[in-house]
Amino acid sequence: QVQLVESGGGLVQAGGSLRLSCAASGSIFNINAMGWYRQAPGKQREMIASITSGTNTNYADSVKGRFTISRDNAKNTVYLQMNSLKPEDTAVYYCNADVLTIIMTRNVYWGQGTQVTVSS
């Protein structure tokens, strides 16, 4: 079994910064891509940033230049540094990970989500 636990969400004023963390644990052999998604009320979940095991990154246009995704493979952890936050960034943020388990099964796992609220 694999668990992803997010942390770092909260309330921040517009223009501020937050750093989200997502730590994976459990029966992990290795982790391929990891990513961050968000879901605002009444909207579909959207991918906002992803990073491969080789640290190639991809961003949604809405966050490009403001958010930075990174990972620490030794800690099985992915981070999302969010700068210049806007009220429209308010959402529940989820991480996911494409995991190869120790029994050689491959699945995508999700965290439980962390709330980010940006006040104007």
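Predicted model: local features only at pLDDT ≥ 70, side-chain atom pairs only at ≥ 80, totals over all residues.

Me: Why is Val92 called partly exposed?

Reply: Its relative accessibility is 22%. Buried requires under 20% and exposed requires over 50%, so Val92, at 22%, falls in between and counts as partly exposed. Val92 belongs to strand S9. Leaving aside residues up to four places away in sequence, Val92 touches Tyr37, Arg38, Gln39, Gly113, Thr114 and Gln115. Tyr37 is 55 residues from Val92 in sequence, with 8.4 Å between their C-alpha atoms.

Me: What makes Ala60 buried?

Reply: The relative accessible area of Ala60 is 14%. The cut-off for buried is under 20%; therefore Ala60 counts as buried. Ala60 sits in the loop between strand S6 (57-59) and S7. Beyond residues up to four places away in sequence, Ala60 touches Met47 and Ile48. Between Ala60 and Glu46 there are 8.7 Å from C-alpha to C-alpha, at a sequence separation of 14 residues.

Me: Which residues have the most contacts inside the largest nonpolar core?

Reply: They are Trp36, Leu80, Met82 and Tyr93, in a core of 32 residues. Among the elements giving two or more residues to this core are strand S3 (18-26), strand S4 (28-39) and strand S8 (77-82). S9 provides the largest share, five residues. Leu80 touches residues including Leu18, Trp36, Ile48, Phe67 and Tyr93, with residues up to four places away in sequence not counted. In soluble globular proteins, nonpolar side chains tend to be buried together.

Me: How do you know that the radius of gyration agrees with that of a compact globule?

Reply: For 120 residues, a compact globule would have a value near 14 Å; the protein has 14 Å, and therefore the two agree. The C-alpha atoms fill a box of roughly 50 × 25 × 25 Å along the principal axes.

Me: How many helices and strands does the protein have?

Reply: There are zero helices and eleven strands.

Methods. Residues numbered from 1 in each chain as written. Heavy atoms only, no water. Core = buried A, V, L, I, M, F, W, Y, C linked by side-chain atoms within 4.5 Å. Buried < 20%, exposed > 50% of the residue type's maximum accessible area, 1.4 Å probe, protein only. Helix = DSSP H or I, 4+ residues; strand = E, 2+ residues; numbered from the N terminus. Contact = heavy atoms within 4.5 Å. Rg over C-alpha atoms; globule rule 2.2 N^0.38 Å.
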